[in-house]
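Subject: Structure for you to look at

Hello,

Here is the structure I said I would pass on. Please open it first, then read the notes below it.

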Amino acid sequence: TKGGAFDVPGELARKWLKLPLNANGRPNSDVLRPWRNGMDMTRRSRDMWIIDFGWEMSEREASLYEAPFQYVKEYVLPERSKNRRDAYRERWWRHVEPRPGMWNALKGKDRVIVTPEVSRHRVFTWLSTQVVPDHKLQVIARDDDTTLGILLSKWHLMWSLGVGSWHGVGNDPRYTISSSFETFPFPTGLT
């Protein structure tokens with residue numbers, strides 16, 4: 001979960017990617033990655049990128065990535081400095097919920113399966129692990145075609161509609177990993 005204006009248009013991100021190495025000798029590509037949300041997955045991508053200093057980088061280390069850090073300082077710090085949560089206010093250059101467990105589960109994979117948490121139509125698709133998923137995209141850390149095929153089946157669709165909840169004015173189905181995915185009776189060997 002971002003917790004601020006860490007997202008930037010692709011045009012600006014590509015401009016920063018072309019800049020010379022930073023004072024630390026590192027490129028901005030260390031902290032800039034494409035970013036996708038549910039709308040990007042169900043419609044045409046908006047070409048958004050995200051600044052991500054990770055969950056362990058200190059403010060001093062982050063400041064060495066000059067252009068992205070200056071942007072976060074200008075657009076995130078003013079809002080986060082008012083936050084009532086100490087951790088969010090004190091570590092304003094980091095995302096509020098970085099999910100290290102998810103990132104560890106994605107290690108060694110080139111792609112994972114994602115689906116929007118809330119969507120009128122349930123869709124599953126591949127997402128490159130080079131892309132940062134929005135917190136409203138449900139990420140399934142599997143990279144095999146068999147799992148994707150099962151998730152796209154009418155059996156899983158009916159299951160997810162039966163055990164899931166409903167959200168919003170349109171009463172759209174909500175897919176959550178704990179109720180819709182983890183409880184599904186996958187064939188033996190795929191649990």
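**Aromatic pairs**

The structure holds 9 aromatic pairs. Rings of Phe, Tyr and Trp (its six-membered ring) pair if their centres lie within 6.5 Å; planes under 30 degrees apart count as stacked, over 60 as edge-to-face and the rest as tilted. Helices (H or I, at least four residues) and strands (E, at least two) are DSSP runs, numbered from the N terminus.

The model is predicted: local features need pLDDT of at least 70, side-chain atom pairs count only at pLDDT 80 or more, and totals for chains, interfaces and linings use all residues. Residues are numbered from 1 along each chain as its sequence is written, and side-chain values use heavy atoms, with hydrogens and water left out.

Are Trp16 and Tyr71 buried or exposed? Trp16 is buried, with a relative accessible area of 7%, and Tyr71 is buried at 17%. Buried means under 20% relative accessible area, exposed over 50%, and partly exposed in between (1.4 Å probe, protein chains only). Phe181 and Phe186 also form an edge-to-face pair, because their ring centres are 5.3 Å apart and their planes are at 65°. Both Phe181 and Phe186 are buried. Elsewhere, ring pairs join Phe53, Phe69, Trp92 and Trp93 into a cluster.

An open sheet of 4 strands has the order S1-S3-S2-S6, with mixed pairing. Its edge strands, S1 (7-9) and S6 (132-133), each pair on one side only. Two strands pair if DSSP finds at least two bridges between them. Strands S2 (residues 32-36) and S3 (residues 48-51) run antiparallel and are joined by 4 bridges. Arg33 stands opposite Ile50 in S3.

Which residues of H1 are buried? They are Gly10, Ala13 and Trp16. The buried residues of H1 pack against S1, S2, S3 and H4, where contact means heavy atoms within 4.5 Å.

Regards
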